[in-house]
Amino acid sequence: MQILHVEGLTKYFGGLAAVSGVDLTVEKGEILGLIGPNGAGKTTLFNLISGTLVPNAGKVLFKGEKISGLKPYVVCRKGLVRTFQSCKIFPEMSVFQNVLLGALFGAPEKIAWKKAAEVAEEAIAFTGLSAFHDLPAGSLTLVNQKRVEVARALATKPELLMLDEMMAGLNPTEVGEAMELVKRIRDSGITIIMIEHVMKAIMNICGRIIVLDHGKKIAEGTPEEISTSKTVIEIYLGE
Amino acid sequence: MIAFINVLVNGLLLGGIYAITAMGLSLQYGVARILNIAHGEFIMVGAFLTFVLHTKLGINPLFGLAVAGPALFVVGYLIQRILFKTLKDRTPTPAAFEGSSMLMAFGILFMVQSIAIFIWGTNVQGYSYLAYSVYLGDIRFSVNRLVILVISVLICLLFYLFLTRTRAGKAIRAASQDPDAAGLMGVDINKMLALCFAFGAMMAGFAGMLISMVFPIYTTMGMQYTIIAIIVVVLGGLGSIPGSLIGGFLLGIFGAIVSAKDPGLNMAAYYLLFMVLLLVKPSGLFGR
């Protein structure tokens with residue numbers, strides 16, 4: 001079953017097409033990888049899907065319903081949520097307060113305070129942050145700040161989670177743990193799209209990969225197909 | 001010694017007004033990113049509303065809490081939604097919005113002030129309410145200033161609880177720390193910005209009502225209070241409610257000490273403090 005369908009999505013910044021005519025579909029329950037060189041338009045594509053940017057052309061369908069043009073907070077409440085490349089946590093709030101915010105405002109329907117607190121506790125335990133429960137989120141290490149973002153996103157009870165470079169800047173052990181976490185999220189029934197530069201992670205956990213370059217989709221396939229594709233190797237290694 | 005304690009008490013009693021004035025501006029600038037130069041005009045309107053209700057209709061000035069505050073809340077909400085929201089949608093970057101929103105606030109200042117002059121003229125007005133003193137030993141407390149202190153501390157406290165304990169308060173704090181992330185986590189940012197501006201205007205209404213109880217009022221009084229609010233906000237740290245409270249009291253005491261020497265030096269001393277502060281600690285006492 002398709003959960004997300006993107007058709008001819010295009011965004012211009014000035015005269016430059018940051019994303020141009022991108023089509024993609026995401027099946028429920030899969031982990032889709034999104035790769036490409038810097039400036040390929042990956043984050044812009046995320047911004048267009050999550051409603052932060054309004055596309056110049058094309059449309060985004062989530063669960064069969066058109067969501068392009070809706071405000072980000074509406075998109076979030078419909079069950080599509082994202083994390084950020086550069087951690088966007090609320091630094092002065094505690095970890096719990098950060099996650100509670102997602103549970104309170106991101107839920108599809110208005111949720112009671114007590115229930116929201118339970119949801120937040122669940123997400124904190126799920127991401128292994130219980131030890132940092134009451135610390136200001138800004139005082140955590142990078143890897144834990146990224147987990148706070150994931151926990152906050154999970155607390156909104158999403159059906160589709162978009163992870164933007166969750167593993168950038170992590171050491172190999174931390175990357176391993178992050179991969180584990182992504183798989184557990186998928187196993188809990190949440191569909192995932194992830195932008196990632198850490199190839200090991202992408203090749204290991206994604207069922208399918210899409211490659212972007214200069215705003216266009218240039219390849220799509222299983223990890224094996226992508227890693228042997230001539231066009232992809234040319235783009236990454238040059239000639 | 002007694003004289004000094006009297007000065008100190010006076011300062012504390014005034015500090016409450018300063019704190020509320022600053023809290024309003026802090027919300028508008030710290031969260032909604034609008035440096036509302038017209039803040040003092042909202043205060044003036046709050047003061048005149050209270051004055052008119054009291055002198056023309058004989059309504060207790062304290063009732064102004066139920067009139068001036070809510071009335072300005074509505075006005076603030078509409079101004080943000082109609083003017084500043086439109087402006088924000090048309091400015092390309094947040095930095096550009098800060099500049100143009102300040103210019104728009106200047107426009108509002110002149111419009112509100114001119115309308116007020118048209119209605120109420122330029123004479124200095126005032127009324128007296130609870131204008132007598134009680135003594136504790138040798139220390140003198142004027143009753144109206146005591147009432148002001150209690151009310152302003154209560155307002156600060158209630159607002160602090162609102163920000164920390166309620167859904168909307170939580171959304172406002174999130175929006176002030178990172179508006180984009182808050183939006184993507186399901187917070188309706190535009191509504192929160194309008195609410196912040198409206199709460200700021202409501203604080204101005206409260207401050208105006210309190211000011212009218214102890215000071216003469218006039219239609220061009222606004223700028224003086226805008227300046228005081230800016231100084232307190234810088235003193236306490238932008239966006240910090242406890243900072244506004246403590247900063248307000250500090251400036252109140254400082255003002256009272258200067259006034260005891262020569263009341264005419266008051267504003268000059270405030271500016272001096274402001275300059276020193278910007279040079280030495282621009283992030284404020286409690287700023288990030």
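Predicted model: local features only at pLDDT ≥ 70, side-chain atom pairs only at ≥ 80, totals over all residues.
Local features need pLDDT of at least 70, side-chain atom pairs count only at pLDDT 80 or more, and totals for chains, interfaces and linings use all residues. Residues are numbered from 1 along each chain as its sequence is written, while chains are lettered from A and ligands numbered from 1 in the order in which they are written.

Q: Which element of chain A has the highest mean pLDDT?
A: pLDDT is the predictor's confidence in each residue, from 0 to 100, and chain A averages 89. Helices (H or I, at least four residues) and strands (E, at least two) are DSSP runs, numbered from the N terminus. Among these elements of chain A, helix α9 (residues 230–237) has the lowest mean, 76, and the highest, 94, belongs to strand β8 (residues 191–195).

Q: Which residue of β8(A) is the bridge partner of A:Gly33?
A: Strand β3 (residues 31–35) of chain A pairs with β8(A) in the parallel sense, over four bridges. In β8(A), the partner of A:Gly33 is A:Met194.

Q: What span does helix α4 (residues 94–120) of chain B reach from its first C-alpha to its last?
A: The expected span of a helix is 1.5 Å times one less than its number of residues. For the 27 residues of α4(B), 39 Å is expected. The helix comes close to that, reaching 38 Å.

Q: Which elements of chain B do the buried residues of α4(B) pack against?
A: A residue is buried if 20 or more other C-beta atoms lie within 10 Å of its own, exposed if 12 or fewer, and partly exposed in between, with C-beta atoms placed from the backbone. The buried residues of α4(B) include B:Met104 and B:Leu109. They pack against α2 (39–57), α3 (64–90) and α9 (222–236) of chain B.

Q: Which element gives the most to the side of chain A that touches chain B?
A: Two residues are in contact if their C-beta atoms, placed from the backbone, lie within 7 Å; 20 residues of chain A are in contact with 15 of chain B. On the chain A side, α2 (72–77), β6 and α3 (95–106) each supply at least two residues. The most, five residues, comes from α3(A).

Conventions: Pairing = 2+ DSSP bridges.
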